Amino acid sequence: MNKKQAQSEQTKKKIADAARALFALKGYTATSIEDIVGAVGSSKGNIYYHFKSKEGLFLYLLDQWEQEWNEQWHRQEGIYTTVEEKLSGLAEHSVLHDLNHPLTNAATEFMNESWDNSNVQMSVAQYFSEHLAFNQQMLQQGMDAGELRRDDTLLMGAVFEALLIGLGEVSRRSPNMHMMDLYKKAMHIFLHGTAANGPGAANER
């Protein structure tokens with residue numbers, strides 16, 4: 001990377017860092033490009049050069065969030081020896097790094113406001129595809145280890161993703177609920193079910 005490229009990357013990082021702080025503080029809707037220009041001390045044209053639009057800038061921040069989440073998870077994943085431990089750890093990781101992330105509320109605003117944007121739809125579809133592959137791999141490992149019964153990993157992975165999405169919605173609408181307990185309970189139900197004579201019944205008594 002030559003000097004000009006390095007300076008360009010530094011400028012891009014400076015813009016992204018300032019925008020992240022503003023979105024976390026004010027939310028997506030209330031933060032304008034002019035706010036970001038003022039915080040960075042750069043020109044509007046410079047911001048559009050690097051990110052094309054406000055939506056493009058926020059998508060970049062979402063990509064960073066996704067990358068950070070994956071890196072943090074992979075660092076701790078190795079401490080779990082069973083799928084049940086891994087699901088419990090995943091619940092904790094989701095609460096700590098999704099629900100408590102500085103951009104969580106801004107991301108909800110962003111999705112509501114920008115969903116008609118085709119680039120946003122494509123990015124969300126890509127995230128979902130990656131999450132589904134992650135879920136399938138984890139469930140397949142459990143099946144191969146004999147911890148889970150054989151089933152369609154594509155459908156089960158989609159069910160698990162829907163569960164996580166639903167938990168996120170509940171957390172936003174029920175701020176007084178203890179989220180860690182809710183997520184861990186959901187993982188237990190996903191693994192063991194709720195039938196009175198089911199395999200998880202004895203563990204609940």
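This is a predicted model: local features need pLDDT of at least 70, side-chain atom pairs count only at pLDDT 80 or more; totals for chains, interfaces and linings use all residues.
1. Arg150 is exposed, with a relative accessible area of 54%. Here buried means under 20% relative accessible area, exposed over 50%, and partly exposed in between (1.4 Å probe, protein chains only). Asp144 likewise counts as exposed, at 51% relative accessibility. The two side chains meet in a salt bridge, 3.0 Å from N to O; the term denotes a side-chain nitrogen of Lys or Arg within 4 Å of a carboxyl oxygen of Asp or Glu.

2. Residues are numbered from 1 along each chain as its sequence is written, and side-chain values use heavy atoms, with hydrogens and water left out.

3. The secondary structure comprises 10 helices and zero strands, where helices (H or I, at least four residues) and strands (E, at least two) are DSSP runs numbered from the N terminus. The C-alpha atoms fill a box of roughly 65 × 40 × 30 Å along the principal axes. Of the 205 residues, 37% count as buried. The accessible surface is about 12,000 Å², and 53% of it belongs to carbon and sulfur atoms; these areas come from the Shrake-Rupley method with a 1.4 Å probe, and for residues only the protein chains shown count as cover.

4. Contacts (heavy atoms within 4.5 Å) also deserve a remark. Among those in the chain with a separation of 6 or more, 62% join residues 24 or more positions apart.

5. Side chains of opposite charge can pair when their charged atoms come close. An α-helix has 3.6 residues a turn, so residues three or four places apart point the same way. Arg20 is partly exposed at 21% relative accessible area, as is Asp17 at 32%. Together with Lys13, Asp17 and Arg20 are linked in a network of salt bridges.

6. Met138 itself is found in helix H7 and is buried, with a relative accessible area of 3%. By contrast, Tyr48 is 90 residues from Met138 in sequence and 40 Å from it in space, C-alpha to C-alpha.

7. Helix H4 has 24 residues, which at 1.5 Å a residue should span 34 Å; its end C-alpha atoms are 34 Å apart, which agrees. The expected span is 1.5 Å times one less than the number of residues. The buried residues of H4 include Leu61, Leu62, Trp65, Trp69 and Trp73, and also the charged residues Lys54 and Glu66. What do the buried residues of H4 pack against? They pack against helices H1 (3-26), H2 (33-40), H3 (44-51), H5 (83-99), H6 (104-114) and H7.

8. There are 11 aromatic pairs. Rings of Phe, Tyr and Trp (its six-membered ring) pair if their centres lie within 6.5 Å; planes under 30 degrees apart count as stacked, over 60 as edge-to-face and the rest as tilted. Trp69 and Phe134 form an edge-to-face pair, 6.1 Å centre to centre with 80° between the planes. This pair links distant parts of the chain: Trp69 in H4 (residues 54-77) and Phe134 in H7 (residues 118-144) are 65 residues apart. Trp69 is buried at 13% relative accessibility, and Phe134 is buried at 19%.

9. One aromatic cluster is formed by Phe23, Tyr28, Phe58 and Phe110. The charged end of Lys54 sits over the ring of Tyr28, 4.3 Å from its centre. For this, NZ of Lys or CZ of Arg must be within 6 Å of the ring centre and within 35 degrees of the ring normal.

10. Lys52 has a positive phi of about 70° although it is not a glycine. Lys52 lies in the loop between H3 and H4 and counts as exposed, at 64% relative accessibility.
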